[in-house]
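My entries follow in the order in which I worked.

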Amino acid sequence: MRTVGSGLAAINRSGHRADVYLSRPGKRNAMTIDLVKDLTEAFRRLDADDDIRAITLLGEGPVFSAGMDRELVERQAESTPISDDAFPQLLALIEEVRQPVVAGIEGAAPAAAFELTLSCDFRVLGRDASYGLVETKFGAFPQGGGTQRLPRLIGLSKATELVMTGEYVEPDEARTIGLVHEVCDPGDVDDCAKALADDLCEKGPLALQNAKKALNAALEMPLDRGLAYERSLGSTLVDTDDFREGFEAQLEDREPKFTGE
């Protein structure tokens with residue numbers, strides 16, 4: 001595992017998969033400006049790496065993240081600008097990286113940590129995890145995308161309930177409402193997230209990249225424009241080696257060997 005920047009994030013590579021870690025276990029991976037910057041650097045590196053086909057986002061130790069560090073919360077309360085919107089920029093970057101991103105949520109992910117996971121393409125949740133937007137209990141409300149991304153994932157009605165009550169969502173309910181994609185036993189979350197990412201690595205990388213672009217645009221465009229965008233992305237694959245390999249593998253009844261070209 002190699003640390004990034006100031007050492008509060010780390011990257012581990014395994015084949016075509018990269019695991020990004022929040023690496024501040026002594027503080028339950030509470031996010032500081034330096035940690036946010038290190039995560040940003042990690043995702044920028046991986047976005048530019050053609051050999052990486054899927055990414056996991058994990059917390060080092062027993063907890064994914066306790067949310068924002070107390071110092072940052074106090075600075076927000078004083079209306080002090082926080083590093084030129086570093087946190088929203090990180091979330092946008094995770095959404096925009098070419099590869100699918102799988103969050104493995106072990107132990108806890110309240111408030112800003114919850115919002116961090118919303119920017120990922122997949123979420124794997126521990127069966128005992130404390131997971132929710134708790135800000136209204138403390139006289140605040142989510143300002144890291146919770147009021148915008150959550151309704152797009154689970155609908156306005158349920159999102160309103162979770163945001164306004166400030167209650168944690170039970171893991172099985174999170175799976176039922178489509179907030180998370182898998183619920184795993186405590187201690188198995190990281191392995192479950194890695195297994196999902198490894199499965200994604202077996203798919204056509206160019207196809208996954210274009211599918212992610214189309215899906216991210218789905219709720220931002222009128223249907224006619226979205227359909228046209230989908231077709232335009234699809235047309236870019238026709239002349240690729242991967243497209244031909246996938247077609248030939250299907251005809252020959254074998255597993256395809258994609259190269260990303």
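Is strand β3 (residues 17-22) largely enclosed by the rest of the structure or left open, and why? Before answering, I note that this is a predicted model, in which local features need pLDDT of at least 70 and side-chain atom pairs count only at pLDDT 80 or more, while totals for chains, interfaces and linings use all residues. Residues are numbered from 1 along each chain as its sequence is written, and side-chain values use heavy atoms, with hydrogens and water left out.

Entry 1, strand β3. I find that β3 is largely enclosed by the rest of the structure, because six of its six residues are buried. I use "buried" for under 20% relative accessible area, "exposed" for over 50% and "partly exposed" for values in between (1.4 Å probe, protein chains only). Strands (E, at least two residues) and helices (H or I, at least four residues) are DSSP runs, numbered from the N terminus. In a regular strand the side chains alternate between the two faces of the sheet. I therefore looked at each face of β3: Arg17, Asp19 and Tyr21 are buried on one side, and Ala18, Val20 and Leu22 are buried on the other, with six of the six residues of β3 buried.

Entry 2, partners of β3. I count two strands as paired if DSSP finds at least two bridges between them. Strand β2 (residues 9-14) pairs with β3 in the antiparallel sense over six bridges. Opposite Arg17 in β3 stands Ser14, and opposite Tyr21 stands Ala10. The hairpin of β2 and β3 has two residues between the strands, and Gly15 there takes a positive phi near 60°. With strand β4 (residues 54-59), β3 pairs in the parallel sense over six bridges; Leu22 has Gly59 in β4 as its bridge partner. From β3 the chain crosses through helix α1 (residues 33-47) to β4, and this β-α-β crossover is right-handed (with the strands pointing away from the viewer, the path from the first strand over the helix to the second runs clockwise).

I traced an open sheet of seven strands in the order β1-β2-β3-β4-β5-β7-β9, with mixed pairing. Its edge strands, β1 (2-4) and β9 (182-184), each pair on one side only. Four residues lie between β1 and β2 in their hairpin, where Gly5 in the turn has a positive phi of about 55°.

I located Gln143 in the loop between β8 (130-132) and α5. Gln143 is exposed, with a relative accessible area of 61%. Its C-alpha atom is separated by 9.2 Å from that of Pro88, 55 residues apart along the chain.

A pocket is an open set of points on a 1 Å grid over the protein atoms alone where a 1.4 Å probe fits, with protein on both sides within 12 Å along at least five of seven lines; lining residues have an atom within 4 Å of a point. I find 26 lining residues, of which Glu95, Asp121, Leu153, Leu215 and Asn216 lie nearest the centre. α9 gives the most to this lining, with seven residues.
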